[in-house]
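Please open the model in your viewer and keep the sequence alongside it. The stops below are meant to be selected one after another.

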Amino acid sequence: MDDMQAAPATARLTDRPDWLYLLREFEALYRFGSAGGSTLIRAHRKRVRDALSRIIAGNAEIDDRAAEDKPVTAHLSRALDLGERGAMQGMARALREVRAGLTWEYGYEKVPKTLAQRYAYCEIAGPLGPVRASELILGFVLFAPNTTYPQHSHHEIEESYISIAGAWSENDAAVHAPGSLILNKPGDEHRITTGQTDPCLLAYAWVGSHERLAAPAMKLTATRKARRLQGI
Ligand SMILES: [Fe+2]
């Protein structure tokens with residue numbers, strides 16, 4: 001770089017209002033939603049919103065990342081349409097405003113072939129950006145209709161999903177509708193299935209140490225059942 005040229009100023013949240021408003025949607029969800037009487041969920045919600053308040057109050061840095069699609073993002077418009085009709089309409093609208101700048105990823109070194117067509121996630125905030133955060137990752141995961149996301153767990157990371165659009169089930173335990181929050185404690189094994197006709201869009205939050213969030217080492221659990229589901 002030319003010595004005489006000043007380095008470009010790092011963008012901050014207030015320079016990117018659409019991203020700030022998206023974070024405010026997350027903040028509202030984790031501040032005003034119910035914990036359903038669960039002490040664990042209440043504590044998780046507080047951890048998320050405390051970290052989020054620090055990100056917003058500190059006017060965090062935001063990277064201009066290269067946008068990237070994956071095959072499943074062909075379902076994003078439909079997922080946002082559905083989201084805008086339901087309980088999570090504010091979040092769906094705020095996500096639509098930043099969609100052109102989203103980086104959709106797989107996260108796994110080896111993605112099973114069928115899953116590569118039907119799943120991807122994008123991060124909104126975290127140690128790797130785009131909004132710089134140290135103890136929290138926020139993002140969205142998108143599934144095509146009729147998808148099985150094989151069994152996995154997260155080491156030293158506490159995870160919540162909030163349904164934005166579509167119907168889905170975790171561990172065959174219930175059907176979750178837009179607005180539902182599901183907590184997966186560190187190490188909890190979970191497997192997701194989505195409804196037959198509509199895509200499914202979930203917002204997620206991960207809380208953990210900075211080191212763990214910077215290198216979460218995502219791995220699918222290699223049970224016999226999981227191997228069969230992945231077709232390997
Ligand atoms: Fe998970």
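Which residues of the largest nonpolar core touch the most other members? Select A125, V131, F140, L142, I164 and L202, which hold that position among the 57 residues of this core; a nonpolar core here is a set of buried Ala, Val, Leu, Ile, Met, Phe, Trp, Tyr and Cys residues joined through C-beta atoms within 7 Å. Strand β4 (residues 136-143) gives the most to this core, with seven residues.

Before going further, note that this is a predicted model, in which local features need pLDDT of at least 70 and side-chain atom pairs count only at pLDDT 80 or more, while totals for chains, interfaces and linings use all residues. Residues are numbered from 1 along each chain as its sequence is written. Helices (H or I, at least four residues) and strands (E, at least two) are DSSP runs, numbered from the N terminus. A residue is buried if 20 or more other C-beta atoms lie within 10 Å of its own, exposed if 12 or fewer, and partly exposed in between, with C-beta atoms placed from the backbone.

Stay with V131 and display its surroundings: leaving aside residues up to four places away in sequence, V131 touches L13, W19, L23, I55, A60, I62, I124 and A125, where contact requires C-beta atoms, placed from the backbone, to lie within 7 Å.

Next, select helix α1 (residues 17-32) together with helix α2 (residues 39-57). Their axes lie 9 Å apart and the helices pack at an angle of about 150°; axes are lines fitted to C-alpha atoms, for helices over the stretch in contact, and angles run from 0 to 180 degrees between N-to-C directions. Because of that angle, α1 is roughly antiparallel to α2, the classes being roughly parallel under 35 degrees, roughly antiparallel over 145, roughly perpendicular from 65 to 115, and oblique for the rest. The crossing of α1 and α2 is left-handed, a term used if the near helix is turned anticlockwise from the far one by less than a right angle, with right-handed used if clockwise. To see the contact, show L23, F26, E27, Y30 and R31 in α1 against R45, V48, R49, L52, S53, I55 and I56 in α2.

Within α2, pick K46. Is K46 buried or partly exposed? K46 is partly exposed, because 13 other C-beta atoms lie within 10 Å. K46 and R31 are 15 residues apart in sequence, and their C-alpha atoms are 7.6 Å apart in space.

From α4, turn to helix α3 (residues 76-85): the two axes come within 7 Å and cross at roughly 145°, in a left-handed crossing.

Finish at the open sheet of four strands, ordered β5-β10-β7-β8 with antiparallel pairing; two strands pair if DSSP finds at least two bridges between them. β5 and β8 (175-176) stand at the edges with a single partner strand each, so one side of each is left without a neighbour in the sheet. Three bridges link strand β5 (residues 148-152) to strand β10 (residues 190-194); along this pair, T148 stands opposite T193 and H152 opposite H190. Strand β7 (residues 168-170) is also joined to β10 by three bridges, and W168 has T194 as its bridge partner there.

Definitions and conventions: Contact = placed C-beta atoms within 7 Å.
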